[in-house]
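Thanks for coming, everyone. I have one structure to walk through today. Please take a look at it first.

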Amino acid sequence: QVQLMESGGGSVQAGGSLTLSCTASGYRYLMAWFRQAPGKEREGLAIIYARGDSTAYADSVKGRFTISQDNSKNTMYLQMNNLKPEDTAMYYCAATPDQGGRRFSYTTYPSWGPGTQVTVSS
């Protein structure tokens with residue numbers, strides 16, 4: 001199964017930027033970034049296909065966040081711009097080797113990193 005590890009979280013003021021990284025090993029067909037704030041459901045943010053670099057975004061982050069990958073480094077990224085206090089959450093990367101799942105559903109992904117905290121102050 002895929003092994004994942006996030007890094008790059010931290011504290012930033014509203015309007016600032018952060019870039020998260022996720023290192024991956026093992027076969028993956030589809031990768032994604034999710035986040036979960038206290039008391040809220042885990043929310044799919046962005047997905048990227050391991051081959052071909054096709055991407056898709058949730059409306060809540062479209063235009064502010066960019067997902068990308070560097071396959072030579074086995075690393076996926078999430079560039080986050082114009083951060084808002086409501087972006088405060090634990091951010092997770094996820095992966096699946098299988099086709100056919102709902103791309104923004106957490107149940108699609110069997111492999112997860114431990115998460116990295118992002119805190120945005122007003």
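Predicted model: local features only at pLDDT ≥ 70, side-chain atom pairs only at ≥ 80, totals over all residues.

**Overall picture**

Of the 122 residues in the protein chain, 43% are buried, where buried means under 20% relative accessible area with a 1.4 Å probe, counting protein chains only. Numbering runs from 1 along each chain as its sequence is written, and side-chain values use heavy atoms, without hydrogens or water.

Secondary structure next. The protein chain has zero helices and eleven strands. Both are DSSP runs, numbered from the N terminus: H or I of at least four residues for helices, E of at least two for strands. The radius of gyration is 13 Å, close to the 14 Å from the globule rule for 122 residues, so the chain is as compact as a globular protein of that length. That radius is taken over C-alpha atoms, and the rule is 2.2 Å times the number of residues to the power 0.38. The C-alpha trace spans about 40 × 30 × 25 Å along its principal axes.

**Strand 4**

Now strand 4, residues 30-36. Six of its seven residues are buried. Which strands does it pair with? Strand 5, residues 43-49, is one partner, antiparallel over six bridges. Strand 9, residues 89-96, is another, also antiparallel, with seven bridges. Pairing here takes at least two DSSP bridges. Trp33 stands opposite Ala46 in strand 5. Met31 stands opposite Ala95 in strand 9. Strands 4 and 5 form a hairpin with six residues between them, and Gly39 in that turn has a positive phi of about 80°.

**Cores**

The largest nonpolar core holds 26 residues, and Leu78, Met80 and Tyr91 have the most contacts inside it. A nonpolar core is a set of buried Ala, Val, Leu, Ile, Met, Phe, Trp, Tyr and Cys residues joined through side-chain atoms within 4.5 Å. A second, separate core has eight residues, including Leu30, Ala32, Phe34 and Tyr109.

**Ser111**

Last stop: Ser111, in strand 10, residues 111-112. Buried or exposed? Ser111 is buried, at 3% relative accessible area. Its side chain reaches the backbone oxygen of Val2 at 3.3 Å. Beyond residues up to four places away in sequence, Ser111 touches Gln1, Val2, Leu4, Cys93, Ala94 and Ala95; contact means heavy atoms within 4.5 Å.

Definitions and conventions
Buried < 20%, exposed > 50% of the residue type's maximum accessible area, 1.4 Å probe, protein only. Polar contact = N/O pair within 3.5 Å; in protein donor to acceptor, adjacent residues only side chain to side chain.
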